[in-house]
Amino acid sequence: LLLFLLTTIPIILLLLAAVAPTAAFSAGRGFGPYSDRGSDFASFDRFRAACPADASAVRRFDPSLVEGNEKEEGGGGGNDDVWVAVYRSANNLPSVFVRDAFFDAMRASTTTAQGGDSETLVSTSSSSQSIGVISNNGNDGSDEDDDKKPVAVARLGKDADSNMYILDSMRCVLKKENTDDDCDGGSEHAEAIGVCIDELVISYLQRYLQNESDGAGEDEMTFDGGIRFRGTLVSGKLLDSRGFREVSELSSDMHSHESDYDGALNKYAERSTSKVVAKNPGARDRALKILSCLGRVDREEDQRRARLRKGDVGGGKRGDGAGEEEQSDFDPWASVKSYI
């Protein structure tokens, strides 16, 4: 019997050692019921957002994002800039945090710091408060965010030249190649970027409605065409799925998409009712908030303002040709000269 135990126990331990890494480094599943069908609606949220996010959170993600903006704005940063920071929620399995900490340590040991740190994965703090991920439900922007680094950030700011709001700096440290059908968008990368887009759209609409109630005066905001997005190959698909239209003409701010009232209303209505399109409760809640704000917007007046503003982009008034002349003289690389 002793000989049998001595021979079988090592074999069992070897099998467990081979299976454990696969479970530890699998995609981030939560504590809800597991299903092999990727299109099922998840009963938990992988990510949570802090909007508006503090500048210190963005600085932990990548110092160059905040420092570059402070230089452009004369050291103080833009007053109209709104940042969003997305964190992993406590609904993820502990193995997900272990995986992120492992890759964070590996990258830190093989990468030389060069000012920015946006390519380093999020890691858990060594303190006892952040180790107990299950004890914190992570639904609010608590003080524990002070010790954590976001997995994704994005910015909504007002462009000084065109006087339009730009949603850019959509950055995420999660690998876009790691696909997962259980995630909203097909991967954790896409889901985190999608949270950034939705939160900043909500922030813009809330500011819009507040301006309307206070009396906007000359600074009238519009939703139809009022937000411009600088999308990529990945985020561009997310913008399309939310009803934002692609631009047909190149402009000085190099944006790829514009907000569309009718398109956003249709797509977010679909996201709020379909468990296949929006695969977690947080995505549906954000879609319902956007629909609630859009329902309070006067569609006819908003589109009328959008048509008037479209003829005034570039500084000239509608019909005088000054705006078109200035648009023809813009430098398409002006937005990236600070990084060259």
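This is a predicted model: local features need pLDDT of at least 70, side-chain atom pairs count only at pLDDT 80 or more; totals for chains, interfaces and linings use all residues.
Residues are numbered from 1 along each chain as its sequence is written, and side-chain values use heavy atoms, with hydrogens and water left out.

The chain has 11 helices and 7 strands (DSSP runs numbered from the N terminus: H or I of at least four residues for helices, E of at least two for strands). Of its 340 residues, 41% are buried (under 20% relative accessible area with a 1.4 Å probe, protein chains only).

Now to one helix pair. The axes of helix 6 (residues 188–214) and helix 9 (residues 281–295) come within 10 Å and cross at roughly 25° (axes are lines fitted to C-alpha atoms over the stretch in contact, with angles from 0 to 180 degrees between N-to-C directions). The two helices are therefore roughly parallel to each other. Residues making the contact (heavy atoms within 4.5 Å) include Val195, Ile202 and Leu209 of helix 6 and Arg286, Ile290 and Leu294 of helix 9.

Elsewhere, Ser235 sits in helix 7 (residues 233–241). Ser235 is buried, at a relative accessible area of 3%. A polar atom of the Ser235 side chain lies 2.7 Å from the backbone nitrogen of Thr232. Leaving aside residues up to four places away in sequence, Ser235 touches Met170 and Ile193.

Terms used
Angles under 35 degrees count as roughly parallel, over 145 as roughly antiparallel, 65 to 115 as roughly perpendicular and the rest as oblique. Buried means under 20% relative accessible area, exposed over 50%, partly exposed in between (1.4 Å probe, protein chains only). A polar contact is a pair of N or O atoms within 3.5 Å; within protein, one must be able to donate a hydrogen and the other to accept it, and residues adjacent in sequence count only if both atoms are side-chain atoms.
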